[in-house]
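Student: I am new to this structure. Can we go through it step by step?

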Amino acid sequence: MKTLLYMVTALCVFGLAFWAYRENYTTRQVLKETRQLQREIGAARERLSVLKAEWAYLNRPSRLRELAELNYDRLGLLPLRPDQFGRVDEVAYPQPAALNFSNGLDVSTMTRESYP
Amino acid sequence: MIRTPLRPLARILQARAQGQNPDAIERENLRLRHEEMAVKARQRAEGRLLVLGVFFLCAYAVIGVRMGILSASEPAEPVAYTAGSTIANQRADIVDREGRILATNFETHSLYAQPPQMVDPITAADKLVEIFPDLDKGRLLKDFTGKRKFVWIKKKISPEQKQAVHDIGDPGLLFGPREMRLYPNGRLAAHVLGGAGFGNEGVNAAEVIGVAGVEKQFDAYLRDPANGAKPLQLSLDLTVQAAAEQVLYGGMKLMNAKGATSILMDVETGEVISVVSLPDFDPNNRPRPPASGDDPSVSPLFNRAVQGVYELGSTFKIFTAAQAMDLGLVGPDTVIDTRGPLRWGRFAIRDFRNYGNEMPVTKVIVKSSNIGTARIAQEIGVERQRDFLGRLGMLEPTPFEIVEAGGGKPLLPPHWSELSAMTISYGHGLSTSPMHLAAGYAAIANGGRYVKPTVLKQSGPQMGERVMSEDTAAAARMMLRKVVSEGTASFAEVPGYKVGGKTGTADKPKPQGGYYEDKVIATFASMFPADDPEYVLVVTLDEPEIIAHGEERRTAGWTAAPVAAEMVQRIAPLLGLRPHVEPAQLAGITLTSN
């Protein structure tokens, strides 16, 4: 009985040692991956901030104004003027399709008696 | 263990035979046994103490070693969790009210040299001068071949320049990373943003510190690593600011002015939507401050909107009229004696033209009569005038959040006499910045509450201290509207926007005392739409001069007012203000009977 207990304990110790060994290496692997990912995140952030700066630089009002002037022939862009405001009721609704009367009935000449 | 008997039979028998007391043997043995037990107990206790001691020693050793490691090790970012990755920038961005970038950071490199490691200093110096023509070759050679171990060559270089220097291939030329401040919009809002420079510099990094404007005012906020991802949001609107700068620049050139400034402010929140001061500069390449002897207002760094403290002339008249109406001294139709000149001691107050002997208050403002305003000021009195202007913030630097605003301290008369009160009533004798004026007009525009001009985006109206009643403010607005529709500022009329405002033309003071004859500061302070104002616009031109109708003209009605009109026309649609056609005046119906 005792021998069995010893053997089981020894096996447990072996098993745990192996598990700890493996766990140690997977942890290291995960940490390495994390570090790699964080480096990538950092690089991506840096790139993002550069791109944002570049976007702001390309969208600077002076440049847009110059582009609008250069491409005036094609785009015809001018600064917004007060008279360009419109009202919703100034927009014409699309005309409804005309109803098709095939057998018209003239009601204006109907007498009361002929009314069903 | 073999237990020693207390009464060993052999010894007892022997003792009995010899006539001794056998109890003595027992006592002797008992004593020995007790001694033995005591030794054992002591040994065990000592053993336990030893174990305990070793345990404590180990515990202290572990703690000590850990502390030693902690204090001696290099700090490292924890990698096991990702909370640390929010620290992205060295300095927070600055954005406009819509979140468009006004200032951000950019990764560049600095260039330095370690001459002892250089292989061929002379060729390297030659090639460096080719890449950077502004470097002094003689100085470089001296630095490279002398005793120096370390030389800064350039603080900021572009990636192309870096590649070119890399191609020289000298191991003594080294690069360090540098985060620099970038203003992608160039000159836009230069005076508000200010600029940034390097503080403490090392090879691997350099401190970026604000040197002017909001960069300096909010330096602590911007540098706080906790705010790295939270940009500073200003109240400025990039589009409006760009349009205002363009219009004002055109106006300044057209009116032959040497400087100009404009302020557009929300009357409820106090948010400054655009503030322009011309001439301006590029904050990416901030010019040097002017030499101490020069006139600071010549430098492009001078922010006319907050630092340009001048007498702003007749624009102040509306404050006098508003106060008198608020005190119940006059109503809009009270007739004021305007016979001139008004003499006070050896001083005489005159009008631009003779407007007749008497006029109602509204007409005094519309025609801009100095005499009429001075008479109203006499009724108000010195104390009440000073108190009122104080509540409008005219006696202190504006709380506008850029460092330069603290320098815009109003110039008060050394002794606020009755004569001062009379001249201040029409804007002479008290010098303020255009920003003060904008805040004062905002109080009239929003129905009588003082609002602090602010450069930060606000979430709602300020609801500041009440300085005049709603009715007074409404009456004052009516007068300002009439100034534009039928008075001195007719050029400021913009169809659909009901501009109300007041012109002001003040002679420029000479530095050595007295006033120039032919140099003026022309100001037009306005609000639109006048019946329910949303924005206040102040336009000031420095030394404008145009020829119109065969005459040289400098008055604000001819110079600042048309510029302001153009600006309203351009900006109001951008602000989403829809023009409203005013109902035409009803034809007068004459009742007749025969």
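Student: Into which domains is chain B divided?
Tutor: This is a predicted model. One part of chain B covers 91-233. The other is made of two stretches, 239-287 and 296-574. In order, these are domain 1 and domain 2.

Student: How many Å separate the centres of domain 1 and domain 2 of chain B?
Tutor: The centres are taken over C-alpha atoms. For domain 1 and domain 2 of chain B, the separation is 43 Å.

Student: Which elements give two or more residues to the side of domain 1 that touches domain 2 in chain B?
Tutor: Here 20 residues of domain 1 are in contact with 18 residues of domain 2. The domain 1 side divides into ten nonpolar, seven polar and three charged residues. The elements that give it two or more residues are helix H6 (190-193), strand S6 (206-212) and helix H7 (213-217) of chain B.

Student: What is the make-up, by class, of the side of chain B that touches chain A?
Tutor: In this contact, 27 residues of chain B meet 22 residues of chain A. Strand S2 (101-113), helix H9 (238-254) and helix H18 (560-574) of chain B each supply at least two of the chain B residues. By class, that side has 14 nonpolar, nine polar and four charged residues.

Student: Which are the edge strands of the five-stranded open sheet in chain B?
Tutor: The strand order is S9-S8-S18-S17-S16, with antiparallel pairing. Neighbouring strands are turned by 10 degrees against each other on average, direction ignored. An edge strand pairs on one side only. That picks out strand S9 (272-278) and strand S16 (500-509) of chain B.

Student: Which residue of S17(B) is the bridge partner of B:Pro509?
Tutor: Nine bridges join S16(B) to strand S17 (residues 515-528) of chain B, and the two run antiparallel. B:Pro509 has its bridge partner in S17(B), and that partner is B:Tyr515.

Student: Which helix lies across S8, S17 and S18 of chain B?
Tutor: The strands in question include S8 (259-266) and S18 (535-542). The helix runs at about 150 degrees to S18(B). It is helix H16 (residues 434-445) of chain B.

Student: Are H3(B) and H5(B) roughly parallel or antiparallel?
Tutor: Helix H3 (residues 121-131) and helix H5 (residues 159-168) of chain B have axes 10 Å apart. B:Ala124, B:Lys127 and B:Ile131 in H3(B) meet B:Gln161, B:Ala164, B:Val165 and B:Ile168 in H5(B). The packing angle is about 160 degrees. Angles over 145 degrees count as roughly antiparallel, so H3(B) and H5(B) are roughly antiparallel.

Student: Is the crossing of H11(B) and H17(B) left-handed or right-handed?
Tutor: The axes of helix H11 (residues 317-326) and helix H17 (residues 470-486) of chain B come within 9 Å and cross at roughly 145 degrees. Their contact has eight nonpolar, one polar and one charged residues. H11(B) passes H17(B) in a crossing that is right-handed.

Student: Where does B:Pro529 lie?
Tutor: Most peptide bonds are trans. The bond from B:Phe528 to B:Pro529 is cis, with omega near -20 degrees. B:Pro529 lies in the loop between S17 and S18 of chain B.

Student: What is the phi of B:Glu543?
Tutor: B:Glu543 lies in the loop between S18 and strand S19 (546-548) of chain B. Most residues other than glycine have a negative phi. B:Glu543 is not a glycine, yet its phi is positive, at about 55 degrees.

Notes: Residues numbered from 1 in each chain as written. Chains lettered and ligands numbered in written order. Predicted model: local features only at pLDDT ≥ 70, side-chain atom pairs only at ≥ 80, totals over all residues. Domains from an automatic or database assignment. Contact = placed C-beta atoms within 7 Å. Helix = DSSP H or I, 4+ residues; strand = E, 2+ residues; numbered from the N terminus. Nonpolar A, V, L, I, M, F, W, Y, C, P; charged D, E, K, R; others polar. Pairing = 2+ DSSP bridges. Axes fitted to C-alpha atoms, helices over the stretch in contact; angles between N-to-C directions. Parallel < 35°, antiparallel > 145°, perpendicular 65-115°, else oblique. Left-handed = near helix turned anticlockwise from the far one by under 90°.
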